[in-house]
Amino acid sequence: MNICVFCASSLRIDRKYVDLAREVGAELARRGHTLVSGGATVSCMGAVTSAARAAGGFTVGVIPQVLVDIEVADTGSDELIVTDGMRERKAVMDARSDAFLVLPGGIGTLEELFEIWTARVLGIHDRPLVILDPWGLYEPLRQLVSGMHAEGFTRADVFDAISWTTTVEEAFAHLEARAQPVRPSVAELGEATG
């Protein structure tokens with residue numbers, strides 16, 4: 001399965017978030033999945049990809065040219081796709097993914113989360129969307145959306161479209177239970193030809 005991981009690129013965050021990303025990358029590879037990421041080497045984004053590769057996983061990085069120009073591209077990616085801009089980057093990541101895992105992050109991560117979440121609520125896709133939030137960073141967001149629902153601003157199924165988890169094991173259990181791969185992962189391709 002191709003799993004897209006949305007996460008932080010900030011260098012000012014607590015080390016525990018980077019360690020979580022590293023744990024996710026290693027577990028993703030251990031389970032035979034392909035990582036689709038934002039294609040950068042910094043912070044959580046760099047940690048998840050380097051850990052996935054170190055554990056034998058295949059990584060697909062998608063990065064806009066503007067970030068390549070400031071030398072943060074993960075040139076070690078098994079496949080690095082350079083796009084013209086951020087919108088194209090998100091479209092490619094979406095098209096290449098069977099499931100989405102959201103780690104703690106900032107406004108860029110929230111933008112990615114909301115786009116995929118909205119599309120899921122509208123029935124544009126039915127791929128799993130999982131938030132992994134061990135320390136409750138996204139709890140105010142959950143409360144905000146609950147309040148929006150109570151006031152009639154969201155559909156009744158807004159929370160049916162997303163799973164909220166607190167452990168890596170729980171997050172992967174939700175992803176794997178709900179995913180229906182639309183394309184074989186690199187690991188599955190290797191098994192078919194090996």
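Which residues of helix 4 are buried? They are Arg89, Lys90, Val92 and Met93. Seen down the helix axis, these buried residues fall within an arc of 165 degrees, so they line one face of helix 4. The model is predicted.

**Largest nonpolar core**

- The largest nonpolar core holds 30 residues.
- Ile3, Val5, Val24, Leu101, Leu103, Leu132 and Phe172 have the most contacts inside this core.
- As background, nonpolar side chains tend to be buried together in soluble globular proteins.

**Phe172 and its contacts**

- Leaving aside residues up to four places away in sequence, Phe172 touches Ile3, Val24, Glu27, Leu28, Arg31, His33 and Leu101.
- Ile3, Val24 and Leu101 are also listed with Phe172 among the residues with the most contacts inside the largest core.

**Second core**

- A second core is separate and has 23 residues.
- Among them are Val60, Val62, Tyr138 and Val145.

**Largest pocket**

- The largest pocket has a volume of about 360 Å³.
- Its lining counts 24 residues, and Cys7, Ser9, Met45, Arg89 and Gly108 are the closest to its centre.
- Arg89 is also one of the buried residues of helix 4.
- Strand 1, helix 4 (86-95) and helix 5 (107-121) are the elements that give two or more residues to this lining.
- Helix 5 gives the most, with 5 residues.
- By class, the lining has 13 nonpolar, 7 polar and 4 charged residues.

**Second largest pocket**

- The second largest pocket holds about 200 Å³ of space.
- Phe114, Trp117, Thr118, Val121 and Leu122 are among the residues that line this pocket.
- The lining also includes Leu144, Val145, Met148, Phe153, Thr154, Arg155 and Val158.
- Val145 also belongs to the second core.
- Helix 5 and helix 6 (139-150) each supply at least two lining residues.
- The largest share, 4 residues, comes from helix 5.
- The lining divides into 9 nonpolar, 2 polar and 1 charged.

How values were computed. Residues are numbered from 1 along each chain as its sequence is written. This is a predicted model: local features need pLDDT of at least 70, side-chain atom pairs count only at pLDDT 80 or more; totals for chains, interfaces and linings use all residues. Side-chain values use heavy atoms; hydrogens and water are left out. A nonpolar core is a set of buried Ala, Val, Leu, Ile, Met, Phe, Trp, Tyr and Cys residues joined through side-chain atoms within 4.5 Å. Buried means under 20% relative accessible area, exposed over 50%, partly exposed in between (1.4 Å probe, protein chains only). Contact means heavy atoms within 4.5 Å. On a 1 Å grid over the protein atoms alone, a cavity is a set of points where a 1.4 Å probe fits but cannot get out, and a pocket is an open set with protein on both sides within 12 Å along at least five of seven lines; lining residues have an atom within 4 Å of a point. Grid points are joined across faces, edges and corners, and a volume is the space filled by probe spheres set on the points. Ala, Val, Leu, Ile, Met, Phe, Trp, Tyr, Cys and Pro count as nonpolar, Asp, Glu, Lys and Arg as charged, and the others, Gly among them, as polar. The arc is that of the directions from the helix axis to the C-beta atoms.
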